[in-house]
Amino acid sequence: TRAYVAAGDRVGVEDLRALHHPMRPGSGRRHAERVRQWLSVVRPLGVPRPLVRAPRVPSGALVVVVSTFLDSEAADLALLWRRIGHRVIAVDVLPRLRTAQLSARERLALRLLRIERSDRLAALEAADVELVRWADPSADAVLRRLSARRRPR
């Protein structure tokens, strides 16, 4: 965030699960600090609100979608933004799952969920959405490299 603001870019945040208003794009050192503070306290909020339409994104924007991709909404939005020409980076933040205590039924459900999720992530990559897995030890460096690189549409 700070690097983009320092470069003169405007940065905004849209929390797709929250009922409150998005943080409008802005610039400057204070705005970068507000974005950092907001991102540091974001938490899951129960049942997702249904989206009537995708949040508006300014022309030429780099879109970073941060999600577990356990449901299709974030992936669908990432694909939509990519189709209309935005550069999209998808950050997969699903942590390593603890499965030792699962019943046979729960393991089967998890297996189906993993297959759906894997298909979702493969569709993102096939659409030229750049994927970063947060659990990867080099995720921070990869994300910095991807977000610093400007790619033509």
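In which helix is the place of Arg-120? Arg-120 lies in helix H4, the subject of the views below.

The model is predicted, so local features need pLDDT of at least 70 and side-chain atom pairs count only at pLDDT 80 or more, whereas totals for chains, interfaces and linings use all residues. Residues are numbered from 1 along each chain as its sequence is written, and side-chain values use heavy atoms, leaving out hydrogens and water.

**View 1. Helix H4, residues 104–126.** H4 has 23 residues and spans 33 Å from its first C-alpha to its last, close to the 33 Å expected at 1.5 Å a residue. The expected span is 1.5 Å times one less than the number of residues. Helices (H or I, at least four residues) and strands (E, at least two) are DSSP runs numbered from the N terminus.

**View 2. Buried residues of H4 and their cover.** Leu-110, Arg-117, Arg-120, Leu-121 and Leu-124 are buried. Buried means under 20% relative accessible area, exposed over 50%, and partly exposed in between (1.4 Å probe, protein chains only). The cover of these residues includes helix H3 (73–83), strand S4 (87–92) and strand S5 (130–133).

View 3. Arg-120 is buried but has no salt bridge, a term for a side-chain nitrogen of Lys or Arg within 4 Å of a carboxyl oxygen of Asp or Glu. The nearest side chain of opposite charge, Glu-116, is 4.2 Å away; Lys and Arg count as positive and Asp and Glu as negative, with His and the chain ends not counted. Apart from neighbours within four places in sequence, Arg-120 is in contact (heavy atoms within 4.5 Å) with Phe-69, Leu-70, Asp-71, Ser-72 and Ala-75.

**View 4. Nonpolar surface patch with Leu-108, Leu-112 and Ile-115.** These residues make a patch of about 280 Å². Patch residues have over 30% relative accessible area and no salt bridge; nonpolar side chains (Val, Leu, Ile, Met, Phe, Trp, Tyr) are joined within 5 Å, like charges within 9 Å. Leu-108, placed in H4, is partly exposed, with a relative accessible area of 49%.

**View 5. Positive phi at Phe-69 and Asp-128.** Most residues other than glycine have a negative phi. Phe-69, in the loop between strand S3 (62–67) and H3, has a positive phi of about 60 degrees and is buried at 0% relative accessible area. Asp-128, in the loop between H4 and S5, has a positive phi of about 70 degrees and is partly exposed at 34%.

Definitions and conventions:
Areas by Shrake-Rupley, 256 points an atom, 1.4 Å probe, with all protein chains shown as cover.
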